[in-house]
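These exercises ask you to read a fold from its strands and helices. Work through each task with the structure open, then compare your steps with the solution.

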Amino acid sequence: MLRLHKLALGGTFDTIHSGHIMILYTAVKYGERILIGVTSDEFAQSYKSYKVKSFEDRVNALLTMLTRELQVDKDKVIISKINDPYGPAVSDNSIDGIVVSLETLPRAFEINNIRVKNGLDPLVIISIPIIKDGYGVKLSSTLIRSKLREK
């Protein structure tokens, strides 16, 4: 089985859902260590139409999911606050892989192009499918929040 030294992934992680669990599980499965880029409050707010939870709340929920549900050793996880769509993936030579959804796969290609221009090796890209709800709609924090407001 493919095993990478340090695997990166990123996101807002506002409301943890099945898509997040799938990407986290995949990272844990293939990475000895995982680096999770979590968007800063300012960056997240620049592209979200709703008020995102605080960075600290999002990180705490993420760590709780990883340690309690996925039984990941906390020492295996590195959290990095990111202020752009790339984070440390474009500059950290110790990262050797990235996990993305099919939706964010083009971003992984961009990251690899930037890495090569900077003289770094491209990352191994692991892509997961887009998780959908029971009606075939892409599962997202935005969708969950909109459904909760309808009730």
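**Exercise 1.** Find how E1 and E2 are joined, and follow the chain from one to the other.

*Solution.* Step 1: seven bridges join E1 to E2, and the two strands run parallel. This is a predicted model.
Step 1: take one bridge as an example. Leu-7 has Ile-34 in E2 as its bridge partner.
Step 2: trace the chain. From E1 the chain crosses through H1 to E2, and this β-α-β crossover is right-handed.

**Exercise 2.** Work out the order of the strands in the sheet and identify the edge strands.

*Solution.* Step 1: five strands form an open sheet, with parallel pairing, in the order E3-E2-E1-E4-E5.
Step 1: look for strands that pair on one side only. These are strand E3 (77-82) and strand E5 (124-128), the edge strands.

**Exercise 3.** Which strands does helix H3 touch, and how are its buried residues arranged around its axis?

*Solution.* Step 1: place the helix. H3 (residues 55-69) packs on the sheet and touches E2 and E3; its direction makes about 155 degrees with that of E2.
Step 1: check its length. H3 has 15 residues and reaches 21 Å from its first C-alpha to its last, close to the 21 Å expected at 1.5 Å a residue.
Step 2: list the buried residues of H3: Phe-55, Arg-58, Val-59, Leu-62, Leu-63, Met-65 and Leu-66.
Step 3: look down the axis of H3. The buried residues fall within an arc of 155 degrees, so they line one face of the helix.
Step 4: turn to the other side of H3, where Arg-68 and Glu-69 are exposed.
Step 5: find what the buried residues of H3 pack against. The partners are H1, E2, helix H2 (41-47) and E3.
Step 6: H3 is followed by Gln-71, which has a positive phi, near 55 degrees.

Key: Residues are numbered from 1 along each chain as its sequence is written. This is a predicted model: local features need pLDDT of at least 70, side-chain atom pairs count only at pLDDT 80 or more; totals for chains, interfaces and linings use all residues. Side-chain values use heavy atoms; hydrogens and water are left out. Two strands pair if DSSP finds at least two bridges between them. Helices (H or I, at least four residues) and strands (E, at least two) are DSSP runs, numbered from the N terminus. Contact means heavy atoms within 4.5 Å. Axes are lines fitted to C-alpha atoms, for helices over the stretch in contact, and angles run from 0 to 180 degrees between N-to-C directions. A crossover is right-handed if, with the strands pointing away from the viewer, the path from the first strand over the helix to the second runs clockwise. The expected span of a helix is 1.5 Å times one less than its number of residues. Buried means under 20% relative accessible area, exposed over 50%, partly exposed in between (1.4 Å probe, protein chains only). The arc is that of the directions from the helix axis to the C-beta atoms.
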